[in-house]
Amino acid sequence: MKFYLLILSVLLLVGCQTTENNSVEETQANVETETIVEESNAVQDTILETGSKEIRPDGVPVAWTDYSAYANPNEEGYAYEIHPDSDISSEILPITESSSDVVLFTFDDAPQTPGSHAIEMAELMKSKDVNAIFLVNGMYLESEENIQIVKTIHDMGFEIGNHTETHENLRELTYEEQYYQLKTTNDKILEITGEPVRWFRPPFGLYNSETVSICNELGLQLMTWSFGYDWMDEYLEAEPLAQVSLDNKYLRGGANILMHDRSWTYGALEKMIDGYREMGYHIVDPYLIKHQRNVEY
Ligand SMILES: [Zn+2]
C-alpha cells in the first residue's frame, strides 16, 4: 500500500514539474497518473472492503472514498483545509491547485437514542462512497448502546468530532467549565475510537476567545457551519429538507453542511447526495482536510 502511494506521490511530483511548457511530457504525465490512480483506487477498495485504515505519519488515517475525480492530495496526503478564520463560516478550501470545490457533510448531537439513525445514515453514505464527520456529545456516551453506535460508525471509517459534554452555550461558562466540556468528551471519544480527535463544533455556533485557546491546547480545530435546516419546524420532513438543502443561498463550493441523526434527515440524505453530485459538487472525505491551529484573538 505504501509502495503505491509513494509511486503516486513521485508521479504527481513529476506531473507538476512537467506541465508548464512541454505538452508531450504533460500528456505522458497524465497517462502515468491515470494508471496509478487506478491502482490507487484498488487500494481504496481494499480499505473499503476490510474497514482497515492506513495511517499517515501524523497519525491521521488516509481518506477512503474515491477522491481521484476531485482531489490530488499534496505530499502529506491532504487536498483541502478549513480556513482558520472562523468569519468565513468554516468553509472547505482546496490547498492543491488540482482540487475542485467540495461540500462537507457533518452530523451533530449524535447518537441521540432512541430515534438515532446514525448507523443507517453511515451505511447509506458508505454505500454511496461518501465520508463525513459525526460530532458527538459526551452526555450521549454513557450507555453501552450509544458507545457501540459511535464505535461502529468509526470502524466504518467515519471521523468522530467533539461537540462538548452537555451542549451548553460556551459563552456563559468559565474557562474551567469550558475546559471540562471539551476535555471530557475528547477523552471519551479517544477511549472509544483510539484516534485523536481533530474537530470541534461549539453548540449553537457560540464560543469566545477562551474556547479558541482551549481548542488549540487540546489540538482541536474549531468549525462552525455554512447552513443546516433539519432542526427548523418547516423542515422536519424529508422532502422539504432535501429541497431546501439543495436550493438555498448559502450553497456554494466549500459549504460546510450541518445535519443531525434524525429520521427526516435520513430520509433526505440520498436525495441530497445525488443532488449535490448532479450539481457538480463532490462530497469531501474529511481525511483529506488538513487540520490547522485556530487563530487566537
Ligand atoms: Zn448541537
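**How much of the chain is buried?**

What percentage of the 297 residues in the protein chain do buried residues make up? Buried residues make up 52% of them, where buried means under 20% relative accessible area, exposed means over 50%, and partly exposed lies in between (1.4 Å probe, protein chains only). This is a predicted model, in which local features need pLDDT of at least 70 and side-chain atom pairs count only at pLDDT 80 or more, while totals for chains, interfaces and linings use all residues. Residues are numbered from 1 along each chain as its sequence is written, and side-chain values use heavy atoms, with hydrogens and water left out.

**Overall fold**

The protein chain holds eight helices and 10 strands; these are DSSP runs numbered from the N terminus, with helices being H or I of at least four residues and strands being E of at least two. Of the contacts in the chain with a separation of 6 or more, 74% are between residues 24 or more positions apart, a contact being heavy atoms within 4.5 Å. The accessible surface comes to about 13700 Å², and 51% of it belongs to carbon and sulfur atoms; such areas come from the Shrake-Rupley method with a 1.4 Å probe, and for residues only the protein chains shown count as cover.

**Nonpolar cores**

Let's go inside. The largest nonpolar core has 53 residues, and Phe105, Met125 and Phe134 have the most contacts inside it. A second, separate core has 20 residues, including Val60, Ala71, Tyr78 and Ile92. Here a nonpolar core is a set of buried Ala, Val, Leu, Ile, Met, Phe, Trp, Tyr and Cys residues joined through side-chain atoms within 4.5 Å. In soluble globular proteins, nonpolar side chains tend to be buried together.

Setting aside neighbours within four places in sequence, phenylalanine 105 is in contact with several residues, among them Met125, Val130, Ile133, Ile257, Leu269 and Tyr276. Met125 is also one of the buried residues of helix α3 (residues 118–127), together with Ala118, Met121, Ala122, Leu124 and Lys126. Aspartate 129 follows α3 and has a positive phi, near 60 degrees.

**The zinc site**

Asp109 (OD), His163 (NE2) and His167 (NE2) are the protein donors of the zinc ion, lying 2.1 Å from it. Donors are N, O and S atoms within 2.8 Å of the metal (3.2 Å for Na, K and Ca), and sites may look incomplete since water is not among the atoms. The spacing of the donor residues in sequence is D-x53-H-x3-H. Aspartate 109 lies in strand β3 (residues 102–110) and histidine 167 in the loop between β5 (159–162) and α5 (175–193), so this pair ties together parts that are 58 residues apart in sequence. Aspartate 109 is buried, at a relative accessible area of 11%. Histidine 167 has a positive phi, near 60 degrees, in a residue other than glycine.

Asparagine 137 touches this region too: leaving aside neighbours within four places in sequence, its contacts include Asp109, His163 and His167. Asparagine 137 sits in the loop between β4 (133–136) and α4 (144–155) and is buried, with a relative accessible area of 0%. Its side chain reaches the backbone oxygen of threonine 164 at 3.1 Å; a polar contact is a pair of N or O atoms within 3.5 Å, where within protein one must be able to donate a hydrogen and the other to accept it, and residues adjacent in sequence count only if both atoms are side-chain atoms.

**Aromatic pairs**

The whole structure contains nine aromatic pairs. Rings of Phe, Tyr and Trp (its six-membered ring) pair if their centres lie within 6.5 Å; planes under 30 degrees apart count as stacked, over 60 as edge-to-face and the rest as tilted. The rings of tyrosine 70 and tyrosine 80 have centres 6.3 Å apart and planes at 35 degrees, so the pair is tilted. Both tyrosine 70 and tyrosine 80 are buried. For tyrosine 175 and tyrosine 179 the centres are 6.5 Å apart and the planes at 20 degrees, so that pair is stacked. Tyrosine 175 and tyrosine 179 both lie in helix α5, four residues apart, about one turn of the helix.

**Cis peptide bonds**

Alanine 110 and proline 111 are joined by a cis peptide bond, with omega about -10 degrees. The bond from threonine 113 to proline 114 is cis as well, with omega near -5 degrees. Proline 111 is in the loop between β3 and α3, and proline 114 is placed in the loop between β3 and α3 too.
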